[in-house]
Structures are given as C-alpha cells and as structure tokens.
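Please read these points with the model open beside you.

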Amino acid sequence: MRPAALGAAIFIGAANIAAMPVHLVPNRATYDLRLEHTSPGGAVAARGRMVIQFRDTCDGWSTAQRMVADMTNADGATTRTDFLVTAWESKDGRSMRFDVKSASGGKLDKEKRGTAAVADDGSIAVSLLSPVRRQFELPAGTIFPSQQTIQLASAASRGQATVKRLVFQGGDEGDLYVSTAERATDRAGLLKNVSAWTMLVSYFANKRAADLPEYEVASRLYANGISGSMSLIYTRYTLRATLSRLEPLLPVCSSDLSSAADEGKLRGR
C-alpha cells in the first residue's frame, strides 16, 4: 500500500479562467482513515491515520508523509502497515533527496534512499544509496512531487481538462508512474476563500501496459497545494482519509531529511 507519480490528472468542474499564480503554503495536515468500500478478497475493516507535512526550506521544499493503518482481512487477522516517505526538492525542480520506508506487522520490509537530479539532456539521474548502491536514469520530462502539485493547480485554474506528466516520488524504477491527475477543522484559515478543484488522479505503472491503475486518489486540491479529505482507491478496497486537523508551519531553512520528518508530529495514531 502506497499513500496517495506520472500524471494525467482529470479535473472536474475547473473554471475556464486565466491561470492564477500558485503559492504553496507550508502546513501539516492530519487525516483519519477508515474503510470506505471493499470488494471480495479485500479488507473487511480498516482504521488509522495519515499525516502529510510540507515545509518551505528557503531554497527548496521538504515533505514528510506517514500513513499507519490496521487492516483486518476476512479471517479476522489484523496487520498494521506503516509507510513513511521524506523528501527534499530544490525550488527550481532540478534536484531531490528521498528516503522511503515501509513496515508490515512491525517488521521493516522496504527502505529506499537516494538522490535524483536533472541531467543536461533533461533526463533524471538517480543515485540509489540503499538498499544497494546503484545508478539509473528516468526519462526526460520527469518531474518531482512539488512541481506536480504546482502544475496540477495551475492547469486546473486554466480550466485544462487533462494533464499528463511523469512524476518520480522517490524509490527505484518501479516507483515511476503514469498518473491521470470536505473541508475539516481549519482554525488557522488556510483554506478560507481559496479556490479548489475536485479531481481524480489515477496512477499507472510506467513500465507495464495496463488498462487499470494500480491505485487512484479522489480529492479536492486547493490552489495553495493543500489536499482536502480524499478517497484512496486500491484494487480491492477504498480508504477514506478525512482531514481532521490542519496547521500552518513556519519556514525552516534546512534541507536535512531527519528534521523534515519531525517524527513527533508524524505519529500514525
């Protein structure tokens, strides 16, 4: 399971107006998770929490996303999944550092750490540092997540119906996707009078021809980069992520991923 990477984003109800400037707002958003829908063979119960933290580091953007969920199958067995990704991206969109970890049942089952940079020919050179050291390239035109958010909001404000881009969120070659891109307690007023668009973003594996996406995210994207409550649609079940808390964050002029993670604020429960 991966929380909400190339994207054709389908926007619903975008107004046909001139594109507005996109200013991403540093924030920490907390979502409560529950099972919204299931199919035969899918989970019969689920509960958990997801926290997405986005900071301005002066010369870049740092993101940290953690999702912890207890998933119960038809036999009554419950397994806790824990997913954490931290990343830093330069504001010019040309470099990125990432650390992706996932655990199931209390055991670490995946860790991918490395860097990515745009080469002179436009391709992305990725240096994977863990679990093994190796290098590989991603196609020219691949962008990173913060640039994706900016481009999706900008396209929506223009009334553009479809956007198709490659987005790399960190990991290895298998983490490159083709994506087709209610309000909660907001005491700080981060969402007040901010334009928003309903969208469905479908993520297809880039290296395989597939008629069906690996997962989809249905949400409201606000012009400042914040996502409202959303549905995380997987093959056999759907999780509802209800935005329960939204906090503004001050800029922190540091690109250190350990500080970006802010573990005390990213607890899954």
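1. Terms first. Two strands pair if DSSP finds at least two bridges between them. Helices (H or I, at least four residues) and strands (E, at least two) are DSSP runs, numbered from the N terminus.

2. Ground rules. This is a predicted model, in which local features need pLDDT of at least 70, side-chain atom pairs count only at pLDDT 80 or more, and totals for chains, interfaces and linings use all residues. Residues are numbered from 1 along each chain as its sequence is written, and side-chain values use heavy atoms, with hydrogens and water left out.

3. Confidence. pLDDT is the predictor's confidence in each residue, from 0 to 100. The chain averages 84. A score of at least 70 is reached by 83% of the residues. Please treat one stretch separately: over residues 5-18, pLDDT stays under 50. For that stretch the model has 70 contacts beyond four places in sequence (contact means heavy atoms within 4.5 Å).

4. Overall make-up. The chain holds two helices and 15 strands. It has 269 residues, and 51% of them count as buried. Buried means under 20% relative accessible area, exposed over 50%, and partly exposed in between (1.4 Å probe, protein chains only).

5. β7 (residues 107-118) and β8 (residues 124-130) are antiparallel, with six bridges. Glycine 114 has leucine 128 of β8 as its bridge partner. Five residues separate the two strands of this hairpin. In the turn, glycine 122 has a positive phi of about 95 degrees. β8 also pairs with β9 (residues 134-138), again antiparallel, over five bridges. There, isoleucine 124 faces leucine 138 of β9. The β8-β9 hairpin has three residues between its strands.

6. Antiparallel β13 and β14 are joined by five bridges. Glutamate 216 is bridged to isoleucine 233 in β14. Their hairpin has four residues between the strands, and glycine 225 takes a positive phi near 95 degrees. β14 then runs antiparallel to β15, with four bridges joining them. Serine 231 stands opposite arginine 240 of β15. Three residues lie between β14 and β15 in this hairpin.

7. Is β14 enclosed or open? It is largely enclosed by the rest of the structure, because five of its seven residues are buried.

8. Cores. A nonpolar core is a set of buried Ala, Val, Leu, Ile, Met, Phe, Trp, Tyr and Cys residues joined through side-chain atoms within 4.5 Å. The largest has 41 residues, and Met50, Leu232 and Leu239 have the most contacts inside it. Among the elements that each supply at least two residues of this core are β2 (27-38), β4 (60-72), α1 and β12 (196-205). β13, β14 and β15 (237-248) are also on that list. Another core, of 17 residues, lies apart from it and includes Ala87, Ile124, Val126 and Phe144.

9. The arginine 28 and glutamine 53 pair. Arginine 28 is in strand β2, and glutamine 53 is in strand β3 (residues 45-56). Arginine 28 counts as buried because its relative accessible area is 4%. Glutamine 53 is buried too, at 1%.

10. Two serines. Serine 154 lies in helix α1 (residues 145-157). It has 18% relative accessibility, so it counts as buried. Its side chain makes a polar contact of 3.0 Å with the side chain of arginine 158. Serine 244 is in strand β15. At 29% relative accessibility, serine 244 counts as partly exposed. Serine 244 and serine 229 are 15 residues apart in sequence and 8.5 Å apart in space, C-alpha to C-alpha.

Key. A polar contact is a pair of N or O atoms within 3.5 Å; within protein, one must be able to donate a hydrogen and the other to accept it, and residues adjacent in sequence count only if both atoms are side-chain atoms.
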